[in-house]
Amino acid sequence: MPDSVSAVVLAGGLARRMGGEDKGLVMLAERPMVSYVLDNLSQQVQQVMINANRSQQQYAEFGYPVIADETQEFAGPLAGMAAALPHIDGEWLLSAPCDCPMLPKDLAQRMLSEIKRTDSLVAVAHDGERAQHVILMLHKSLYASINQFLANGDRKIVLWYRQQPHVAVDFSDQADAFINVNTPEQCQQLAEMLTSE
């Protein structure tokens, strides 16, 4: 387990496609969806946090620190990363959304390895077809850069990380690990997949 990596599970959004229901707390095969992500990442990194802007008491019950965005504007995933960066123990922050319950078990290790191999400051997971923009590893020195980007009114993660030395990390061998849940229908389909395994 790399001792220089912390993780933040992003649960700060409005989940409009889930009817506004707090996505991380949606039940998936009899467990809150966020619990899959927390259990997975806690095996890979030294420190885990949850970024949430509502339902904070419920999220705190999972036993990890809960950190809200520094703004009140639901400014998206980058704001969640910016909120977490001052609280990390090590040099690197791994971010993952609360609606990706099947993430690779070697996510942190492979991301950090590629960062070191390429001397990058950001790594983004790639499933073989597309970059998974919210599944990032970034260096703590980028805190000011993110805040400046947000202060300028920008929110698109891809625009921000393309301004940094970055690398895409190939996870095409585990493309299904990046299935995410945006609608009640997808939640039902994934629940059936998980219970049939």
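Modeller: Before we start, a polar contact here is a pair of N or O atoms within 3.5 Å, where one must be able to donate a hydrogen and the other to accept it; and please keep in mind that this is a predicted model.

Biologist: Is Gln 47 buried or exposed?

Modeller: Gln 47 counts as buried because its relative accessible area is 13%, which is under the 20% cut-off. Leaving aside neighbours within four places in sequence, Gln 47 is in contact with residues including Val 5, Ala 7, His 87 and Asp 89.

Biologist: Switching to the sheet, in what order do the strands come?

Modeller: Seven strands form an open sheet with mixed pairing, in the order β5-β4-β1-β6-β8-β7-β9. The edges are taken by β5 (66-67) and β9 (166-170), and each has a single partner strand, so one side of each has no neighbour in the sheet.

Biologist: And how many bridges join β7 to β9?

Modeller: Five bridges join β7 (residues 122-126) to β9, and the two strands run parallel; in one of the pairings, Val 124 has Ala 168 of β9 as its bridge partner.

Biologist: What about helices, which strands does α1 lie across?

Modeller: Helix α1 (residues 33-42) lies across β1, β4 and β6, and runs at about 175° to β1.

Biologist: Where do α3 and α5 come in, and at what angle do they cross?

Modeller: The axes of α3 (residues 77-84) and α5 (residues 143-151) come within 10 Å and cross at roughly 140°, with α3 passing α5 in a left-handed crossing. Among the residues making the contact are Leu 78 and Met 81 of α3 and Ile 146 and Phe 149 of α5, and the contact residues divide into eight nonpolar, one polar and no charged.

Terms used
Residues are numbered from 1 along each chain as its sequence is written. This is a predicted model: local features need pLDDT of at least 70, side-chain atom pairs count only at pLDDT 80 or more; totals for chains, interfaces and linings use all residues. Side-chain values use heavy atoms; hydrogens and water are left out. Axes are lines fitted to C-alpha atoms, for helices over the stretch in contact, and angles run from 0 to 180 degrees between N-to-C directions. Helices (H or I, at least four residues) and strands (E, at least two) are DSSP runs, numbered from the N terminus. A crossing is left-handed if the near helix is turned anticlockwise from the far one by less than a right angle, and right-handed if clockwise. Contact means heavy atoms within 4.5 Å. Ala, Val, Leu, Ile, Met, Phe, Trp, Tyr, Cys and Pro count as nonpolar, Asp, Glu, Lys and Arg as charged, and the others, Gly among them, as polar. Buried means under 20% relative accessible area, exposed over 50%, partly exposed in between (1.4 Å probe, protein chains only). Two strands pair if DSSP finds at least two bridges between them.
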